[in-house]
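This report describes selected parts of one protein structure in plain terms. Please look through the sequence and the structure before reading on.

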Amino acid sequence: MYDSNIMRAPGSQASSIRSYSLFGESSPFPDVLHCETIAARSMLHSWELASHRHSRLHQLLLLRTGRGMAWLEAGSMALGRHTLVNIPVGDVHAFSFSPGTQGWVLSLPDELLAQQLANEPRLRQTLARAAAIPLKGDFATGLISLFSSLWAAYGEDDIPGRSLVLLGLGTAVLGLAGKALAEASEPVGGSASSRVLRNFEALLEKKFASAWRVRDYAKALGVTPTHLSRVARSATGLPVSRLVDARRMREARRLLAYTTASVAAIGELLGFDDPAHFSRVFSRTCGCSPRAFRASVTQLT
């Protein structure tokens, strides 16, 4: 399915990979999610979107008609009618579309994704891997209908209940897309590895606010730290420590955005004894300091 030698991704020779909120934009969008047509942004860039990543957005893209190429971290793939593309947070990707290609792009903040998938560890594992798959039958019909309804609702700025409608439709797209991706994917690792990962994810939800280290999670799961790290990297491409930091920082962003607790207090709630250490981890993971993040969110409200 994938071939890393088909074509070179647009912008792949750039000195550094750009990180955007949405492609070509640096400021976050002030909405519960974002939905747009493929053409809306692609036409502005001659139907080519150079290699880039989104540090806090998960994206799902659906081609209704037309064709193109996708360059994902797993390799490159030709895109055709009814192709679904899954792009996890932080994954580098690029696209080239034939002029006139039709379809939609759904962008979900990672905090919303974490909330909606809190009780779906298997679906969270599936969506953590970049993929592009052709859709058939009910999957194609259902996702086209949901995306079409979501795009229409997104454009209704002054309709009462708009946020609830967007959240409902966005969650439905996420669920059906995840199911399609799960059915199309090969199992990652053996069944024992899958159980270890599911148990780790469940344990992480309980203990992320503690000061637990990799060895603590491994001990609680009855495996060695090396084995746990191997399983995590195989499934997600990230070490256990990065997964733990990412979960803690998602909670930190939620607390910074929706509470008045001080930065030091939030760090302490998440198991950081040293406020400076908390700020360093937050800055490394999120690309800005906790105070800068809170200020940016406040400006949007």
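The model is predicted. In it, an open sheet of 5 strands has antiparallel pairing, and the strand order is S2-S9-S4-S7-S10. Strand S2 (34–37) and strand S10 (131–134) stand at the edges; each has a single partner strand, so one side of each is left without a neighbour in the sheet. On average, neighbouring strands of this sheet are turned by 15 degrees against each other, direction ignored.

Strand S7 (residues 83–87) and S10 run antiparallel and are joined by 4 bridges. Val85 has Ala132, in S10, as its bridge partner.

Which strands does helix H4 touch as it packs on the sheet? Helix H4 (residues 137–154) touches S2, strand S4 (57–65), S7 and strand S9 (102–109), and its direction makes about 70 degrees with that of S9. Helix H5 (residues 162–184) lies across S4, S7, S9 and S10. The angle between H5 and S10 is about 85 degrees.

Strand S8 (residues 93–97) comes next. This strand is mostly covered, with 5 of its 5 residues buried. In a regular strand, side chains alternate between the two faces of the sheet.

S3 and S8 are joined by 3 bridges and run antiparallel; here Leu49 has Phe95 of S8 as its bridge partner. Strand S5 (residues 68–72) is joined to S8 by 4 bridges, again in an antiparallel arrangement. In that pairing, the bridge partner of Met69 is Ser96 in S8.

Is His54 buried or exposed? His54 belongs to strand S3 (residues 48–54). Its relative accessible area is 2%, and because buried means under 20%, His54 counts as buried. The side chain of His54 makes a polar contact of 3.4 Å with the side chain of His52. A polar contact of 3.1 Å joins the side chains of His54 and Gln59.

The next topic is aromatic rings. The structure holds 7 aromatic pairs. One of them is formed by Phe282 and Phe293, which are edge-to-face, with 5.9 Å from centre to centre and 65 degrees between the planes. This pair links distant parts of the chain, as Phe282 is in helix H11 (residues 275–286) and Phe293 is in helix H12 (residues 290–300), 11 residues apart. Both of these residues, Phe282 and Phe293, are buried. They also belong to one aromatic cluster, formed by Phe272, Phe278, Phe282 and Phe293.

| Charged residue | Ring | Distance to ring centre |
|---|---|---|
| Arg162 | Tyr154 | 5.1 Å |
| Arg247 | Phe208 | 4.0 Å |

In one case, the charged end of Arg162 sits over the ring of Tyr154. In the other, Arg247 lies over the face of Phe208.

Terms used. Residues are numbered from 1 along each chain as its sequence is written. This is a predicted model: local features need pLDDT of at least 70, side-chain atom pairs count only at pLDDT 80 or more; totals for chains, interfaces and linings use all residues. Side-chain values use heavy atoms; hydrogens and water are left out. Helices (H or I, at least four residues) and strands (E, at least two) are DSSP runs, numbered from the N terminus. Buried means under 20% relative accessible area, exposed over 50%, partly exposed in between (1.4 Å probe, protein chains only). A polar contact is a pair of N or O atoms within 3.5 Å; within protein, one must be able to donate a hydrogen and the other to accept it, and residues adjacent in sequence count only if both atoms are side-chain atoms. Two strands pair if DSSP finds at least two bridges between them. Axes are lines fitted to C-alpha atoms, for helices over the stretch in contact, and angles run from 0 to 180 degrees between N-to-C directions. Contact means heavy atoms within 4.5 Å. Rings of Phe, Tyr and Trp (its six-membered ring) pair if their centres lie within 6.5 Å; planes under 30 degrees apart count as stacked, over 60 as edge-to-face and the rest as tilted. A charge sits over a ring if NZ of Lys or CZ of Arg is within 6 Å of the ring centre and within 35 degrees of the ring normal.
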